[in-house]
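Hello,

Here is the structure I promised to pass on. My notes follow below it, so please have it open while you read.

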Amino acid sequence: MFKVNENYLKLPGSYLFSTIGKKVNAYSAAHPDKKVIRLGIGDVTQPLAPVIVDALHKAVEEMGKAETFHGYAPDLGYEFLRNAIAENDYKARGCQIEADEIFVSDGAKSDSANIQEIFSLDNRIAVCDPVYPVYVDSNVMAGRTGTYNSEKETWSDVVYMPCRAENDFVPQLPKETPDLIYLCFPNNPTGSAITKERLQEWVDYANKVGAVILYDAAYEAYISEPGVPHSIFECDGARTCAIELRSFSKNAGFTGVRLGFTVIPKELKCGDTMLHSLWARRHGTKYNGAPYIVQRAGEAVYSKEGREQLKGQVAYYMKNASYIYNGLKEAGYTVSGGVNAPYIWLKTPDGMTSWEFFDYLLERANVVGTPGSGFGPSGEGYFRLTAFGTYENTIEAVERIRNL
C-alpha cells in the first residue's frame, strides 16, 4: 500500500490566503449587494507597462517563425536576461554578481519554497516573526521543523526571531545558533526596512557561525530612503554566506506573468561543495525554464523606457500606501510601514485579536485585510493592509474604516 508524505499532515489548516479567500467568498455569496474591497493579498492591479506589452508581442511573433522559434530555455535562463539583471540590479550598485550566478525562474515564491531542498534536514532554520508563511510551510513539508505547539502556534525546531515595535520590526541576532536564516527586507508583512549597517551585522554573524542567509528582496523597488540596501550583496562578505531571491511580480506587475530569479555566488560553499552547483543540478533536473516570451518581457524591464514606466507604477502604489498610512493614523490607529514597502502594518484596536478584526472589517466596512497572526505568533494583535489596490478603492476603503 502506498504511503503519503506525513509531513504535509502536520501543516495546521489551509494556506493563509486560501483561508482568507474562502471566508471572503462565503461572505460575498451571502451578501451579493455588498461591494467588498480587497486589500489583503498583495496582488497588483495596474496593467503591464506598454514597453513590456510590446516586448511580449514581439516575442510572440518570433515564436511564430521557424527561424526565430525557441524551445526549451537554458537551465539558468537566457543570457540576454541574466546579463541585464547582473548589470542593472547588481553591478550598477557596486555588487560583483556575474550573469552565471543568476538562476531565472517563475517567481520568488517557488524559489523560496524550493531552495531548502539543497540543504540537509539536520539544518535548523531561523525566521523573522511575523514572517511570509511559505518559508516555514515549505520546511514543514520537508520535515525540518519538529512538532507543532497549537497553543503558541510555533514549531519546536524553528528559531523564531520576534520583530516588534520596540525594535522597529527588525529582528535581533538569535540566541540559538541556526544554520539557515530567512530574512525579507523590505519586509512582508510589516513593511519595515533594514539599514545597511544592521544588515552588515547579519552578514558578519552568518559568516562567523557558518550559517546561510536566504534573503528575500522581492520589494526592493519600493525603497525610498537612503541607507537602505537594495541587495544583501551590498554588504562585505555576503558572497560567502548569502543567497538572494528576487521577483518581477511587484516591481513590474508580473503576478500573472510569472518571473523571478535567485542569486547564488560561487564562493558560497559547504566544505568543498559549491551551493551554486547543487542549485544548478536541482534547477536542471526539476525545471525547464521560464518561457522565452516571458524572459523577453523581463529584459524590457531594464530598458530606459521600462525603468521610467515602472517607476510610475511603483509611485502609484506608494501613493496608495501613503494614503492608507496617513488616513489610519489620523483616525487614531497605530500604524507602521508604507515608506519602503507597499504594506501597512497596524495594531488592532480595543484588544481585538487579528481574526476578530478581520471579521469586524469584513462585516462592518466590507474591507478585506490580512490577520497578522497568520504570519506567526508575534503577528497576533496586528493586521496587514496592501497598497496594491486601485487608488479609488484605496480611498474608499480608508474612508470606510475611518467611519467605524
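Let me start with Pro50, which sits in helix H2 (residues 50-63); helices (H or I, at least four residues) and strands (E, at least two) are DSSP runs, numbered from the N terminus. Pro50 counts as exposed, at 51% relative accessibility. Here buried means under 20% relative accessible area, exposed over 50%, and partly exposed in between (1.4 Å probe, protein chains only). From the C-alpha of Pro50 to that of Glu153, 103 residues apart along the chain, the separation is 45 Å.

A word on the source: this is a predicted model, where local features need pLDDT of at least 70 and side-chain atom pairs count only at pLDDT 80 or more, while totals for chains, interfaces and linings use all residues. Residues are numbered from 1 along each chain as its sequence is written, and side-chain values use heavy atoms, with hydrogens and water left out.

Now the interior. A nonpolar core here is a set of buried Ala, Val, Leu, Ile, Met, Phe, Trp, Tyr and Cys residues joined through side-chain atoms within 4.5 Å. The largest one has 101 residues, and Ile52, Leu183 and Ile213 touch the most other members. Helix H10 (residues 304-330) gives the largest share of this core, 7 residues. There is also a second, separate core of 26 residues, with Phe103, Trp155, Val212 and Trp279 among them. Beyond its neighbours within four places in sequence, Ile52 is in contact (heavy atoms within 4.5 Å) with Ala252, Phe254, Ala297, Ala300, Val301 and Leu310.

Helix H5 (residues 133-142) is worth a look too, being mostly covered, with 7 of its 10 residues buried. Those are Pro133, Val134, Tyr135, Val136, Ser138, Asn139 and Val140. Their cover includes H1, helix H4 (108-114) and strands E3 (125-129), E5 (154-155), E7 (180-184) and E8 (212-216). After H5 comes Gly143, with a positive phi near 90 degrees.

Next, the cysteines. How many disulfides does a search of the whole structure find? It finds 0, a disulfide being a pair of cysteine sulfur atoms within 2.5 Å. For Cys128, the nearest cysteine sulfur belongs to Cys163 and is 4.1 Å away. Cys128 is buried, at 2% relative accessibility. Cys184 is in no disulfide either, and its nearest cysteine sulfur, that of Cys128, is 7.8 Å away. Cys184 is likewise buried, with a relative accessible area of 2%.

Some backbone details may interest you. Most residues other than glycine have a negative phi, and most peptide bonds are trans. Phe185 and Pro186, however, are joined by a cis peptide bond with omega of about -10 degrees, and the bond from Asn188 to Pro189 is cis with omega near 25 degrees. Pro186 lies in the loop between E7 and helix H6 (196-209), and Pro189 lies in the loop between E7 and H6 as well. Asp168, not a glycine, has a positive phi of about 60 degrees. Asp168 is exposed, with a relative accessible area of 52%. Asn366 also has a positive phi, near 55 degrees, but Asn366 is buried at 10% relative accessible area.

Finally, the charged pairs. The structure holds 18 salt bridges, each a side-chain nitrogen of Lys or Arg within 4 Å of a carboxyl oxygen of Asp or Glu. One of them joins Lys266 and Asp100 (2.7 Å, N to O). That pair links distant parts of the chain, 166 residues apart: Lys266 in the loop between strand E10 (260-263) and strand E11 (269-270), Asp100 in the loop between helix H3 (79-90) and strand E2 (102-105). Glu101 pairs with Arg239 in another salt bridge, with the closest N and O atoms 2.5 Å apart. Glu101 lies in the loop between H3 and E2 and Arg239 in the loop between E8 and strand E9 (242-247), so this pair ties together parts that are 138 residues apart in sequence. Glu101 is buried, at 2% relative accessibility. Arg296 and Glu299 also meet in a salt bridge (2.7 Å, N to O); they are separated by about one helical turn because they are 3 residues apart in helix H9 (residues 292-301).

Best wishes
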